[in-house]
Structure formats: C-alpha cells, structure tokens
Amino acid sequence: MTKTRRDRLRSQDWFDNPDHADMTALYLERFMNYGTTPEELRSGKPIIGIAQSGSDLNPCNRHHLELAKRVRDGIRDAGGIPIEFPTHTLFENCKRPTAALDRNLAYLGLVELLYGYPFDGVVLTTGCDKTTPSALMAAATVDLPAIVLSGGPMLDGWHEGELVGSGTVIWRSRRKYAAGEITRDEFLETALDSAPSIGHCNTMGTASTMNAIAEALGMSLTGCAAIPAAYRARGQMAYRTGRRAVELVHEDLRPSDILTRAAFLNAIKVNAAIGGSTNAQPHIMAMAKHAGVALEPGDWQTHGYDIPLLANVQPAGKYLGERFHRAGGVPAIMWELLQAGQIEGSCPTVTGQTMVANLDGCESSDREVIFPYHAPLMERAGFFVLSGNLFDFAIMKTSVISAEFRDRYLCEPGREGIFEGTAFVFDGSEDYHARINDPALGIDERSILVIRGAGPLGWPGSAEVVNMQPPDRLLKRGITSLPTIGDGRQSGTADSPSILNASPESAAGGGLAWLRSGDRIRIDLNTGRCDMLVPETEIAQRKTEGLPPIPASATPWQKIYRETVTQMADGATIRGAEEFHRLAARLPRH
Ligand code: FES
Ligand code: MG
C-alpha cells in the first residue's frame, strides 16, 4: 500500500518558490523570528502541523500542551519540521448553550488553517468529545496526510471504595439526590472524585468513544485511544505519532486512502461493541460525508445493531478507562470482531499496515473487561433505528436498557417489545425543569417524557437533554427511568435508553412539533416504529397552528449555523460543505 511522495512538497510553494521570490521572502522572514532558520524551512523537509486542541479553556485536552513537546521530538527525529497552532476550543461540559454548536465552527476553522498555510501533514490532537470529529472532518475535507493523537482518559475515579466514572456518576447521583438518599455535599464529593487526574472522561462517554472510533477508522496508531492521559505510554505514543506523521508525508498516505466505507462500517461495529456514545451517530455521519463516503442512517441498524456488547465499561458496564486500557483497549475489541468476521481487515491505516496486521496478537487476557464475541456481556447491543409519524429517524442505545426497564416496558405477555404510553411534552429543558415535579401533571410509570426544541435548529446546536429524569416522587418509589423521546441528544455517559437524535426535529417541522401532552404514543421495537396515535386529520389541524416557538439566535454564528445545518440523521453538518473534497490537491493562490 506504500505510495511515493510527489516530487515537491506542498510547503515548498511557500518557502522555496523561484517564481515568487517576493512572496517567499515575505513568508520566510516572519517564520524565522522565533529562531527558525531559512535553511530548515527550505531544506525540503516536510512541515508538520500540530493542531493543538488543548488550552486552559479545555481541561480535558490541556495536557496536549505538554504532549506536543514529544510530538515535536518525534517529528524532528524523523526529519520533519513541526509548526504548532491552536484550534477553536471545544470544551464539552462548559460551553453554553452547547459545544455541539461549535463542532462545525471548529471544522471550518481547521479547514482554513490546513488549506491556507504551508503544511505537508498534520497531527490532530484530540480528546474531549467534539475535538475528535471536528478534526477528522477537517482532515477529510483537506486531505493532507493526517494522524490522530488522542489525549487519553483520566485515571479511574474512586469514591468510598467504589468506581465513579465521569458523567455517569452525575446521572446516578442526581437520582439518589432527588430521591433524598444523599445530601447535596455528598453529590458534589462523588462527582469531584470521578476526576482524579489530567485527561478526558474516563467512562465510555463521547470522548472515549470518538477516540476509539478514530482508531477503528485507522486514523491513529494501534492502541492509541485508550492509554490513560497520565501514563508514561501516552508520552511515548505522542513521540511515535510525531515520527509517523513525517513518514505519512513521504508515503503520501492520506485520509482519502483510509476513510473508506469499509472503515466507517468497522467504526459503527466497534461503537456497538464498546457500548459507545449515541453522539457517535451524527459524528460518524459527518466524518463520512466530508470524506465523500456514502453512509446511510439505516447503516446503524443494518451493520451495527446485531453486534454484541464486549466492553464492560461504564455506562453500559462496570469498569473505567484504566482497566479498559490494561485489558487491551480498542485493539482487543477489534480482535474479537475480526475473529468473528465482523471487521474488514484489509482496511489501510496510518501505521502503513492493514488493520488485520495491526491487530495481530491483540487478544485480551482480561475477560472480566473485554468479553469474547461468542459469550458477550449483551447480545445485539448496537443502536436500534426507529421511524414513524413522530420522526423519520431516531436511535435508541440498547446496551443501556436495564433489566428493570426491560421488564416494566418491553415484556408484557403477548406484546413483547411493544409499549404504549401517554406523552408529556416539554418545550426545551427550562420547561422540563419548571414542570416535571408538578403533581398536577399526573406523570406515572406509564408516561412517556418527550422533549423538543432541542435539535440543531431548535436549541440551537442540539442539546444533551433527552435523558430526562422522572419526577422525584417516582424516583422515591424506585422508578429510576421512564421512556423518553426527543429531538436532542443525551450525554454519552448517560445510562438511559432514550429515543433520541430525532430527525427531522420539531423546529424543522418534524412530527414531534404536532404532538400534545395527553396523546398516546406507541413504541414497537419489533417493527422499529414509533408513532403518535393521533388521527391524520387532527395532525393536519394542528399543523395550521404553527411550530412551537424556539429562542432567537443570540450570536452571529448561531444565525449562520441555523441557516446552514443539516439534521442529526445526516450528521448535523454544514449543508453544501461536503462538495469540497481533497483541497490539498490544489495549492491556494498567492
Ligand atoms: Fe471533556 Fe468529557 S467533558 S471529555
Ligand atoms: Mg457529552
């Protein structure tokens, strides 16, 4: 699979261009002002960007500021020249109204940087949720040789002898707090104990999921995703990644060689086997779109649903990132899938070898954490795809359906997999918080909680709010989750089997817009249907009343985002951006 580089490096068009001596002089003089010499810049050595996603504003990725030193060492030792630059910060749990709004902004920014500056290749530093997809989306569009360096998860969190994982502990503790089982201080203490070190979320939330997916796609070195941020192996991985970035340029190995449909199907399967985040759905769609790969929303059902859960990691399982890494991490999961004939092993990867070669000898020896394919933690654990008159597309994460939930809702004799309940509709999370504990609403265990106005247009950006908690009085009776439906998302660390990412969303005129509290909803997991049991004539009448209100755009970007964004089923990408491919094949004008 090794190709040979084109005769001339892309960066030489900036630094060594005899036809444009004036511009060359201009470019050279300022790059030298921190000690870089014209000899280096004109040496014909590849210039490797380090797309730095760490900053004080993104604590999950902040240690990349340190790791980048090892990346630089690797680049230098392999005969390249590093140039580090910042990317738009994407810090998941602090950006309001949601970091999802900024994924496309970070994508746009990185496309401009990679295309408009003298890079021959790039190291993508990733970690916190959307730092990974935005970087890979941009790398796919520009198509410079690129390699992912994950930052790695935090060390395992412990509280009073129990493992406490990022996010998951918050969703679990808030139920205990609402039920009056713990105090506010205990709630806070447990949450703080879940974050013992540098790194990103230590559960299989969106961060660990997306880094696993980067590796499954073949875009990082083998074993990169799961190494905890604080382990010495993380710095060694940074060095090797830097070295490999230079070789990728010499081999002319680009994202377009690696990001094929087969690679994306591998990623969908890995996501099921690790009990990965529901956010993987829009992100994988978005990356595929920018890579020019045809992926359909239904591919999640066709290729992902039947895959069993193999990783015993929270929120679907028990353990956290450190133990997952020691059990073999992503390569051990992929090894299982490969033996079972579920992975396409011939996919090229950034190692320069095929996936099957990378996975040689990667069988796990810790069967408490990584289960064998034929004796899994759970059968058929992928995303279940639903449609009906409420939406054309939504997903449900089956790996987090608890036995209690299954018994209560999906096991009525003669009606297995079918649930009918009464809808309670909330317009955004403020409405939910204001009314959920109002006893006059009459919410009980046969209710279905619905939230709308939480999609890409409605929020805007799409919010992680669908995993709505039942009213406190139900929690006190031990009812820890109700069926929930929404056009928003939920945190990858949540353990709720919500029906989410509904597309089209309410604000785009999807069926959720016409639902009223008190309507009956029928969910049928045998047929994949989810419908409001409301006559067509009545729905038509409601349509004349107009869409539920959504907040006005508060920033210029919110307005631009709303004007350009696609629905969750299509990855919530920028409409039309997928027309731009392989930008690096042509040099920008002077
Ligand atoms: Fe950044 Fe979870 S909040 S990784
Ligand atoms: Mg999240």
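Predicted model: local features only at pLDDT ≥ 70, side-chain atom pairs only at ≥ 80, totals over all residues.
Strands β8 (residues 393-397) and β12 run antiparallel and are joined by 3 bridges. Residues are numbered from 1 along each chain as its sequence is written, and chains are lettered from A and ligands numbered from 1 in the order in which they are written.

On its other listed pairing, β8 is joined to strand β7 (residues 383-386) by 4 bridges, and these two strands also run antiparallel. Val385 has Ile395 of β8 as its bridge partner.

Burial is counted from C-beta atoms placed from the backbone: a residue is buried if 20 or more other C-beta atoms lie within 10 Å of its own, exposed if 12 or fewer, and partly exposed in between. Strand β8 is mostly covered, with 5 of its 5 residues buried. Phe393, Ile395 and Lys397 point one way from β8, Ala394 and Met396 point the other way, and all are buried. Strand β12 (residues 499-503) is largely enclosed by the rest of the structure, because 5 of its 5 residues are buried.

## The parallel sheet

An open sheet is formed by 4 strands in the order β2-β1-β3-β4, with parallel pairing. Its edge strands, each pairing on one side only, are β2 (81-86) and β4 (146-150). On average, and ignoring direction, neighbouring strands of this sheet are turned by 25° against each other. The axes behind such angles are lines fitted to C-alpha atoms, for helices over the stretch in contact, and the angles run from 0 to 180 degrees between N-to-C directions.

Strand β1 (residues 47-52) pairs with β2 in the parallel sense over 6 bridges. The bridge partner of Ile50 in β2 is Glu84.

Helix α13 (residues 280-290) is mostly covered, with 11 of its 11 residues buried. Among these buried residues are Gln281, His283, Lys289 and His290, as well as Ile284 and Met285. Gly292, which follows α13, has a positive phi near 75°.

Helix α9 (residues 206-217) packs against α13 at an angle of about 35°, and the two axes are 11 Å apart. The crossing of α9 and α13 is right-handed; a crossing has this hand if the near helix is turned clockwise from the far one by less than a right angle, and is left-handed if anticlockwise. Thr209, Met210 and Ile213 of α9 make the contact with Ala280, His283 and Ile284 of α13. Two residues are in contact if their C-beta atoms, placed from the backbone, lie within 7 Å.

Gln541 lies in helix α21 (residues 536-543). Gln541 is exposed because it has 12 other C-beta atoms within 10 Å. From Gln541 to Ser364 the C-alpha to C-alpha distance is 58 Å, with the two residues 177 apart in sequence.

## Annotated spans

UniProt, in an unreviewed entry, lists residues 45-356 as "domain: Dihydroxy-acid/6-phosphogluconate dehydratase N-terminal". Residues 45-356 are 48% helix and 9% strand, and the end C-alpha atoms are 31 Å apart. The unreviewed entry also lists residues 368-572 as "domain: Dihydroxy-acid/6-phosphogluconate dehydratase C-terminal". Residues 368-572 are 19% helix and 20% strand, and their end C-alpha atoms lie 37 Å apart. UniProt positions are given in the numbering used here, feature names are shortened, and annotations may be inferred rather than shown by experiment.

## The chain as a whole

The secondary structure of the chain comes to 22 helices and 14 strands. Of its 590 residues, 56% count as buried. Of the contacts with a separation of 6 or more, 78% are between residues 24 or more positions apart.

Along the principal axes, the C-alpha atoms fill a box of roughly 75 × 55 × 45 Å.

How values were computed
Pairing = 2+ DSSP bridges.
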